[in-house]
Structure formats: structure tokens, C-alpha cells
Amino acid sequence: MSDIASWSTTTASPEQTEELAAKIGSNLRGGEVIELVSDLGGGKTTFTRGLVHGTASNDKVGSPTFTLSREYSTPKFKVAHFDFYRLNEAGIMANELAEVIGDPAYVVVVEWGDVVHDVLPDTRMTIQFDQAAEDGRTITIGYPENLTYLLEDLQ
Ligand code: ADP
Ligand code: MG
């Protein structure tokens, strides 16, 4: 298990969350796994939209709640976006997830990942969103040392 550091910030609007995410997205290299944790409406999909935008992708990010996974193209890698909301068992989706984890050609983003925690690597970044006000979110980022570069230009 790698040591986890943590950094916390607040955003006051969805646009600010997207901006923060875009900075992290611009630092992605491929091979990273990011788990997003919050209640419904916390901002996980909004964050993913900013993250993908920050990779210089032109793809449109939507909620994969009903499709379970989506894939976006970027100049350097693909982003695999999973959402396991209301899934009691990951089933075949766990295999699909395991296939892209650790592949440097993919960045993996997971919403509602409890059901696949045994598939997620310890070396992932975990981002938690807590509603601080109607449009305010406290965003807490936990990360192993080897992912410190993702927060460059932020801390
Ligand atoms: P989740 O994927 O966690 O269910 P979404 O990103 O789909 O959440 O929805 C978040 C909702 O909260 C959106 O309607 C968004 O406009 C709103 N919102 C309000 N303030 C913020 C904020 N600071 N950051 C992110 N989303 C916010
Ligand atoms: Mg969502």
C-alpha cells in the first residue's frame, strides 16, 4: 500500500469544478486511475467533463449512468469513464474495467466504485465531493506520491 497524501479545496460553481478538473486533466499522462466519490449530484460527472476537456479532447462527456461506461478520445490516450450507480454486482463490467486499468493507453475514471473496489489499484487518486452550499463543493483529493504531478499548478 502506498502512502496517501491529501489536498483539499473548495469550488463555488460547476464552472470552477470544471476548471479545477481541467488542470488535473492537462497533467494526465495515461495509465492513471481516478475514483470519484460523492452523493448523487455531488459533481462527479461535472468533474469528469472538465477533466476530459483539460486533455484537449473534443468529445462530449455525459453521464454513463445508463450505459455503465463511455470512452473519450484525447490526443495522447483514451479516457474510460465508468459509472456503477445502483449496480449490486459489477459482473462482466468488472472485467471490462480490469482490462483498461494499468494500460498506459487509458486513463480510467470511476463513479460509484464501491462494487469494484477489489479491482481498483491502491495507486489510484480518490476525489471526494461534499456539498458545502447549494453551489459550493468541498473537494478532497487523496493521492499516492507517484501521482503528485497531477496536482501541479494547483497546490
Ligand atoms: P454526480 O455525477 O456526482 O451525480 P453531476 O456532476 O452529474 O453529479 O451533477 C452535479 C450537479 O451539481 C450539476 O447540476 C451541477 O451544475 C451542480 N453543481 C452546483 N455547484 C457545483 C459545484 N461547485 N461543482 C460541481 N457541480 C455543481
Ligand atoms: Mg454522475
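I started with helix α1 (residues 14-27), which lies across β1, β6 (125-133) and β7 (136-144) and runs at about 145 degrees to β1. My helices (H or I, at least four residues) and strands (E, at least two) are DSSP runs, numbered from the N terminus. Angles run from 0 to 180 degrees between N-to-C directions, with axes fitted to C-alpha atoms, for helices over the stretch in contact. Next came helix α3 (residues 92-100), which touches β3, β4 (78-83) and β5, contact being heavy atoms within 4.5 Å. Its direction makes about 150 degrees with that of β4.

A note on the source: this is a predicted model, where local features need pLDDT of at least 70 and side-chain atom pairs count only at 80 or more, while totals for chains, interfaces and linings use all residues. Residues are numbered from 1 along each chain, chains are lettered from A and ligands numbered from 1 as written, and side-chain values use heavy atoms, without hydrogens and water.

Then I looked at the sheet. I read seven strands in the order β1-β7-β6-β2-β5-β4-β3, open and with mixed pairing; two strands pair if DSSP finds at least two bridges between them. β1 (4-11) and β3 (69-73) each have a single partner strand, so one side of each lacks a neighbour in the sheet.

T45 sits in helix α2 (residues 44-54) and E111 in strand β5, so the pair ties together parts 66 residues apart in sequence.
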